[in-house]
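Please look over the sequence and the structure shown below, and then follow the paragraphs with both at hand.

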Amino acid sequence: MDDEPGMLHFLVKTLAPRCHFVMSAGSAEEGEQWLKGHHVDLVILDISLPGKSGVVWLKELREQGFTGEVILITAFADLDTAIEALRAGASDFILKPFRVPQILNAVKQCYERSRLRRENFVLRRATSGSGPQAPRLVGESPAMRSLRDALPRVAAVDSTVLLQGESGTGKELVARALHALGPRAAGPFVPVNCAAVSPELIESELFGHAKGAFAGASRARDGLFHYAQGGTLFLDEIAELPLAIQATLLRAIEDLKIRPVGSEQLVPLNLRIVAATNRQLSHEVAAGRFRQDLFFRLQVVDMALPPLRDHKDDIPALVAHFMAQLAPSLGTEPLQISEQEMDFLRQYHWPGNVRELRNLIERSLILGSLNVSALYPAPPSGAAQGVTDLQTLEKLHILSVLDSVQGDKTRAAQLLGVSRRTLERRVAEWNMP
């Protein structure tokens, strides 16, 4: 933005081959009108403009919540002017006349600052939660091999992905693997748990908001879509989104643009969306709780994650993986798991899936032995209290499963992961019908 046609021509000619899009304006008023409907990452702004000066307009921009980089340029400057420019929110300050390498270096530094700011935001979110997991899928069962074989093909494209599976099956792990194996691996991976944000704030959290958009919005704020630019946005528990936000999300996916709450500005998107849910979205659609058009838009690639009870052959490999992963961080020696103990783990139903197994291994490492009693918070009535031997716990578990299915041994055997004949033999050993 400059009132000198020669300088505008020079800057456009220099930057156009190197930038995605370049727009020029001859005054603050002209630039202000243009910015109402467009998003930019960088403004190169002359201080001496007709009408409103560059410094005055920069202050207004920052008050309105513009978070992009701004390079101020001028032919007449002293120390006071430079200080005023930096206080107004300038990223850099360059004196005219300048050479091509000077302006290109300033633009490069602005880009690096912007990239670091986004990365810092993502890292703060990661360290405040459970932290990133290594994108490794453990197990050699047919279900896990099929899932692992599909990852490179799905990761190579930008299509939206829907991950469906019970809680604890590793949906975020798969999402991280898709990100790490794809062309956006160098960009940020931004996870958001839709169930953990209140319905009143989720729209602002995702799309950002302008100053004064609602009560308490004293300044503009970028949303998670902004921080995921160039990378992957992972929308966990997407079935929890209110219907109104589902409509906004559908528009964003289809148009690849978002509009911050209370703003007229459309911000273009350059990211991939991976969504996950522990519910059957087709059932949610039938019940009227989830938009059918959004379901179809997310379901371009639909990946189902199996519950642990369906691939119990992977339990030994998972135990070894968690043992190797957790023992160093806890400062403990890995445990030696006997075959009898491993058989007991295979017989358990694992309602919490892989997450429950990981938690069990962590507790066991802390206690110094396999904490199988943690799988039985409340023994059946009449059972001895304080029982800790493996055989008794195994009996309590089997009896509990039989009780839960009203004595149906075929169903109980399926839940326990054993044959009916094995179950009948074990029950016969206890002199039970």
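Strand 4 (residues 161-164) and strand 10 run parallel and are joined by four bridges, where strands pair if DSSP finds at least two bridges between them, and where strands (E, at least two residues) and helices (H or I, at least four) are DSSP runs numbered from the N terminus. Within this pair, Leu-162 has Asp-302 of strand 10 opposite. The model is predicted, with local features needing pLDDT of at least 70 and side-chain atom pairs counting only at pLDDT 80 or more, whereas totals for chains, interfaces and linings use all residues. Residues are numbered from 1 along each chain as its sequence is written, and side-chain values use heavy atoms, leaving out hydrogens and water.

Both strands belong to an open sheet of five strands, paired in parallel in the order 5-6-9-4-10. At its edges are strand 5 (189-193) and strand 10 (301-304), each pairing on one side only.

Thr-160 counts as buried because its relative accessible area is 8%, the class being under 20%, with over 50% exposed and partly exposed in between (1.4 Å probe, protein chains only). Leaving aside residues up to four places away in sequence, Thr-160 touches Ile-253, Ile-273, Arg-297, Leu-298, Val-300 and Val-301, contact meaning heavy atoms within 4.5 Å. A polar atom of the Thr-160 side chain lies 2.8 Å from the backbone oxygen of Arg-297.

Technical notes: Polar contact = N/O pair within 3.5 Å; in protein donor to acceptor, adjacent residues only side chain to side chain.
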